[in-house]
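Good morning, and thank you for making time for this presentation.

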Amino acid sequence: MSAAPAIVVTGLGVVTALGIDLESFWSALLAGAVGTRELTRFDTAPLSCHRGGEVRDLPGGGPACTGRSLAPRMAVRAAKEAVEDASLTTEDIHAERCGVVFGSVMATRPSLEAWIDRKRGTGEANCAEGGETDWTSPSLLARAPAVALGLRGPNCMLSSACASGNSAIAYGSELLRAGQADAIVAGGADEISYAMLLMFESFRALAPDCVKPFDRDRDGLMLADGAAALVLEREPDARSRGARIYGRILGYANSCDAHHMTAPHPQGRGAVRSMLAALKHAGAQPCDVDCINAHGTGTPSNDAVEAYAIRTVFGASAEHVPVSSLKGAIGHAQGAASAIEAVSCLLALRDGLVPATANYATPDPTCDLDVVAGEPRKAPLRVILNNAFGFGGNIECVAFGAA
Amino acid sequence: MSPLAITGLGVISRYGIGATVLIDGLMGSATEGSPRTGMPPEAQDAPVGIADTDVAQALSGERTRTMNRETRTLLATARLALADAGLGRFGGERDGIVVSTCHAGVQDYADLYRTGVREGPRMVNPARGPQTGLNAPAAHLGIRLAAEGPNMTVCNGNVGGLDALAYAATTLYAGAADAMLVCGVELASHLSVPACSPRSPAPSSRSRGPSPRPFDRERSGAVAGEAAAVAVLERESDARRRGALPRARLGAVASAFSPEHELADASLRSLVSALQRSPASADSLVAALAGADGSVAEDAAEARALHSLLGGRVPVCAVQGGIASCGGATALAQVAVAVLALERGMLPPTVGYRSRGEDVAPIRVLAGPQPIPRGPVAVSVRDGLCCAASAVLLPPPAPCAPSTSKEVGCAA
């Protein structure tokens, strides 16, 4: 596996239904707020679910965002916040040595809906404002932040379905280790689309009222808008410029269930391998893990399989490892989800606080984990494992460590 | 760390099945890309398509009922590459897949949306949903080949094929896999054809003729194309251990972006970076596979970059003159041609090129086949958003010898 130098995180940015900047997101999450609410951008009357983690009132974002659809605009905002948070300037790093890696499930594809509606003459129904031809270029998700920030290094848009955010973080780290860049802005972005609402409706996978990860009465997921970005640097570089370090990226691993396009492997085969390989890459053992940020979508099958996989990896100690899912609070931001959760992991490391799983009330015997509920849990945190699973069996787990 | 080697190639293009068929087509300088499938020939902007009959032939009766056309085509092409590499036992935890595509699933997405809006959510077929995502071809391929290693999709326009190669190389160097299928697939549809030249819907960027004419005086824009191209990448030591012959060594891959939309700058920086990271130098290059697609401004910018680095010494072939603009498959088709050109010692011409445009720097674009000595070859690609990537391919250290597959065209 990859050798030193260590990769560290020096800046964070986030856009979610709970808040469109770092501290408002984190304070709302710790306060137990729930960001899912009635959807306003779509006519949901034909659907059984009318709620989601909608991001509203996103500020303009400058020229790079003019006329753009929501996902690239969120990506730009998160990337800008992360770079500002890292205090990264062109005096520190040459723009040609700074790249962007973003991940997404659909990238700019939702803008196709506005394009189709326009062609049908139905006006603005079911579409986010602007960017009707953005769907022709999914790479805009990585290009737009680079344009906004003037970054001229490697630029890449990845997709590993709902594991895309973690994949972007992992690949960005590899680019740094290979010396192809000195800083990488890595993250994910995705927006709610009507097509995805239709798809999950056809699976009967949408929760009607709220998302209850790992709860006995969980009944589905809710889609969400969102984006997050992390500034990654090699540790010696970050320390030499005096950067604040949120934490280290200790290890990561991508694997594939190779089982089914929508259903996870019943024994969580890919998830087990990815968790174990990420820990091995990190030079850590399961007993070193202080907390798991679960994928925890709130669907009956995902949560049961994830719990099974965690028990397989952690054995009897699984019940002593705090597990938390953000999706009860912000919904499922698809390709952005694991990037947002990565931000949460790093803030948890900073503050020694594991956020609670919103809406968790009744334990499920098939998910016999130590689910953090009610209030954030104070704990000395050294290693956090961030799980991300996607359709098609795409899986990427990342282990974060304290600075 | 062992160098990385390309040990197998698979291509399905407008010329038919196989990488040798592609390079033979380019050598024969076929110029008119009559649409073969995908869209009706009378359609405006009809693409330079590939034939579904070719895909079916390559699949040899394999069942693909749940796959869309992109995934089916990709599977067929992957089978060709695996056979070429002699990797009959591909799959399991140590083998991975990375796919480059721009528009995979876009038609499925549009169909699902239209059905839901017009006929109601109850009429949406749950089986169609998973096809709508960008990662669908890679995931399907993973399931079919039982490949449980890394599985990734790269969506970077024409540049994506080299980014996929870079992802695979990174994965192999990190020890996270033993073999990677590096894939590109792009098929045309009524939706994606207007987007063949990403972010450049302006009339000036679209060809007025049925074929693109890269670098040519009379070029008038890009033409949509269809292709799938797959390369098997593995550590050279692993390949030799299992008795496979490396067809080319991967020197390096690098990419660059120009937020100021200075394409020549991004192209040049990616070329320089790839050369710096490889054992080759600009002086040692024997050929360049350019990413020119007939676009007026972009071809001129790429020519400036190539000229500033190579002058007029190195022969240049733009594959898209023959296969048109194939999005995520473009770069890997160029890689396939580069590997075969190395093996044959012969670089194909740029189909459609007759005389250099006045705005094109004096690079040595070939109008006819040209013998090349054994040596490093550069592959250059760029997209409409001013991202560029370059790769350096090297001849394998041992003398080229025939492999076990009919796919190999070693005439060197």
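Among contacts in chain A between residues at least 6 apart in sequence, what percentage join residues at least 24 apart? The figure is 80%, where two residues are in contact if their C-beta atoms, placed from the backbone, lie within 7 Å.

Some conventions first. This is a predicted model, in which local features need pLDDT of at least 70 and side-chain atom pairs count only at pLDDT 80 or more, while totals for chains, interfaces and linings use all residues. Residues are numbered from 1 along each chain as its sequence is written, and chains are lettered from A and ligands numbered from 1 in the order in which they are written.

I turn to chain A. Eleven helices and 15 strands make up its list of elements; helices (H or I, at least four residues) and strands (E, at least two) are DSSP runs, numbered from the N terminus. The C-alpha atoms of chain A fill a box of roughly 60 × 55 × 40 Å along the principal axes. Of the 403 residues of chain A, 68% count as buried, that is, with 20 or more other C-beta atoms within 10 Å of their own, all placed from the backbone.

Next, the interface. In chain A, 58 residues are in contact with 56 residues of chain B. Among the elements that each supply at least two residues to this side of chain A are α3 (111-120), β5 (155-159) and α8 (269-282). The largest share, six residues, comes from α6(A). By class, this side has 29 nonpolar, 21 polar and eight charged residues. Here Ala, Val, Leu, Ile, Met, Phe, Trp, Tyr, Cys and Pro count as nonpolar, Asp, Glu, Lys and Arg as charged, and the others, Gly among them, as polar.

β5(A) and β4 (residues 151-154) of chain B run antiparallel and are joined by two bridges; strands pair if DSSP finds at least two bridges between them. Leu158(A) has Val154(B) as its bridge partner in β4(B).

Finally, chain B is divided into domain 1 (4-241) and domain 2 (251-394), with bounds from an automatic or database domain assignment. Their C-alpha centres lie 21 Å apart.

Methods: A residue is buried if 20 or more other C-beta atoms lie within 10 Å of its own, exposed if 12 or fewer, and partly exposed in between; C-beta atoms are placed from the backbone.
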